[in-house]
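Visitor: I have a few questions about the structure shown here. Could you take them one at a time?

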Amino acid sequence: MNKSSGRALALAVIGTAVSAGAWAQTTVSPPGRLLASNCFQCHGTNGKGPGFERLAGKSASELFSEMKEFQSGKEGDNIMARHVSGFSDAQLRALAQWLSTQR
Ligand code: HEC
């Protein structure tokens, strides 16, 4: 490879990296929103219904404690108990925090 084609290749690589970076920045969702996208099939887009109980409009602490109750099995072996069993407390907090911003 001669000097100038090497330089052209280097510029092409930098150009690709820059545009990939810009793409990532515009498409990354907040972590809570990404986790909550799981819930929209049943609770409506952004938790606003239609569907099962509406999640929008609740506080973060209310949502978090409801999810912990499902996780503990106190509410029985239902859909939500199964659904939240895979989430860590940190993930449930992120979910509850993001959902609480929805009105
Ligand atoms: C497969 C459908 C389904 C999915 C997916 C689902 N839910 Fe649910 N959710 C339900 C059903 C059904 C209930 C009612 C359960 C009950 O009260 O016995 C419910 C109830 C709830 C409640 C209690 C609401 C209230 O007012 O009592 C909360 C909070 C909740 N879901 C949060 C979530 C979150 C957060 C997610 C995503 C991580 C999620 N759900 C995903 C079906 C679903």
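Visitor: Which residues coordinate the iron atom of the ligand?

Guide: This is a predicted model, and the protein donors to the iron atom of the ligand sit at 2.0 to 2.1 Å. One is an NE2 atom and the other an SD atom. The residues that supply them are His43 and Met80.

Visitor: How many residues apart in sequence are the parts that this pair ties together?

Guide: His43 lies in helix α3 (residues 40-43), while Met80 lies in helix α5 (residues 79-84). The pair therefore ties together parts whose separation in sequence is 37 residues.

Visitor: What is the geometry of the site of the iron atom of the ligand?

Guide: Ideal angles for six octahedral donors are 90 or 180 degrees. Here the iron atom of the ligand has six donor atoms, with angles of 84 to 178° among them. The site is octahedral.

Visitor: Is His43 buried or exposed?

Guide: The cut-off for buried is under 20% relative accessible area. His43 has 10% relative accessibility, so His43 counts as buried.

Visitor: How many disulfides does the structure hold?

Guide: A disulfide is a covalent bond between the sulfur atoms of two cysteines. Among the cysteines, Cys39 is buried at 12% relative accessibility, and Cys42 is partly exposed at 34%. The number of disulfides in the structure is zero.

Visitor: Which residues is Gly32 in contact with, leaving aside its neighbours within four places in sequence?

Guide: Gly32 belongs to helix α2 (residues 31-36) and is buried, at a relative accessible area of 5%. Its C-alpha is 7.0 Å from that of Gln97, 65 residues away in sequence. Beyond those sequence neighbours, the contacts of Gly32 are Ala94, Leu95 and Trp98.

Conventions. Residues numbered from 1 in each chain as written. Predicted model: local features only at pLDDT ≥ 70, side-chain atom pairs only at ≥ 80, totals over all residues. Heavy atoms only, no water. Helix = DSSP H or I, 4+ residues; strand = E, 2+ residues; numbered from the N terminus. Buried < 20%, exposed > 50% of the residue type's maximum accessible area, 1.4 Å probe, protein only. Contact = heavy atoms within 4.5 Å. Disulfide = S-S within 2.5 Å. Donors = N, O, S within 2.8 Å, 3.2 Å for Na, K, Ca; no water. Tetrahedral: all angles 85-135°; square planar, octahedral: opposite > 155°, others 65-115°.
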